[in-house]
Amino acid sequence: MTGIITDFFSQIVYIFGYIAKNYRILIDDITHGTINPSIAMPDEVKKSLMKRITPMPERGRELSKIFKNGSNFVFAKKVWPNLSYIFGAGTANFAPYDKILSKCYIGKDVDRIYSGVVASEGLWSFPIFKNNPNTLLATKSVFFEFLPVEAGDDFTKIVTIDKVKVGKTYELI
């Protein structure tokens, strides 16, 4: 695995947290090609998955060596040596997850690529540098409206991109 693409860094923190808490069960399941009975899932899902799962004893041994002293260490690059980036939202409300991700799971050897402002309605901005949360507006991708910050909640002051003034601060609407 060379990269992880996610909506939000918080999702990866939860997954890595699950791995850290349940590594023994996961290693056993990988080794034997099983799904631990403690993992709750509908029977039809389990049956479907079991048709595709095969034992991987060699990978189980590798993981056992990696986790021989527990899971309280930065393990992502040890588990996936080719992991080079995580792409997703890791700024604003997700910044605390970015810090946890770096400190507890990926360290400094895995780059973070911040997705910028994206939504189901469109692509609003895109990353320009790795490990840098600043992004550029994708000015031709969607229709932009901006509210000058000093306008507060006065939405009659909304302007389009052609009316934005350099040096003023705006909220993206």
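Hi everyone, and thanks for coming. Please keep in mind that this is a predicted model.

Let's begin with the whole chain. The protein has five helices and ten strands. Its radius of gyration is 22 Å, well over the 16 Å that the globule rule gives for 173 residues, so the protein is more spread out than a compact globule. Along the principal axes, the C-alpha atoms fill a box of roughly 65 × 40 × 25 Å. Buried residues account for 31% of the 173. The accessible surface is about 11500 Å², with 58% of that belonging to carbon and sulfur atoms. As for contacts between residues at least 6 apart in sequence, 47% of them join residues at least 24 apart.

Now let's zoom in. Strand S2, residues 85-89, pairs with strand S3, residues 111-114, in the parallel sense, over four bridges. In that pairing, Tyr85 stands opposite Asp111 of S3.

Is Ser115 buried or exposed? Its relative accessible area is 5%, under the 20% cut-off, so Ser115 counts as buried. And what does Ser115 touch, beyond its neighbours within four places in sequence? The contacts are Phe87, Gly88 and Ala89, along with Ser125, Phe126 and Pro127. With Ala89 there is also a polar detail: a polar atom of the Ser115 side chain lies 3.3 Å from the backbone nitrogen of Ala89.

That's my tour, thank you!

How values were computed: Residues are numbered from 1 along each chain as its sequence is written. This is a predicted model: local features need pLDDT of at least 70, side-chain atom pairs count only at pLDDT 80 or more; totals for chains, interfaces and linings use all residues. Side-chain values use heavy atoms; hydrogens and water are left out. Two strands pair if DSSP finds at least two bridges between them. Helices (H or I, at least four residues) and strands (E, at least two) are DSSP runs, numbered from the N terminus. The radius of gyration is taken over C-alpha atoms; the globule rule is 2.2 Å times the number of residues to the power 0.38. Buried means under 20% relative accessible area, exposed over 50%, partly exposed in between (1.4 Å probe, protein chains only). Contact means heavy atoms within 4.5 Å. Accessible areas come from the Shrake-Rupley method with a 1.4 Å probe; for residues, only the protein chains shown count as cover. A polar contact is a pair of N or O atoms within 3.5 Å; within protein, one must be able to donate a hydrogen and the other to accept it, and residues adjacent in sequence count only if both atoms are side-chain atoms.
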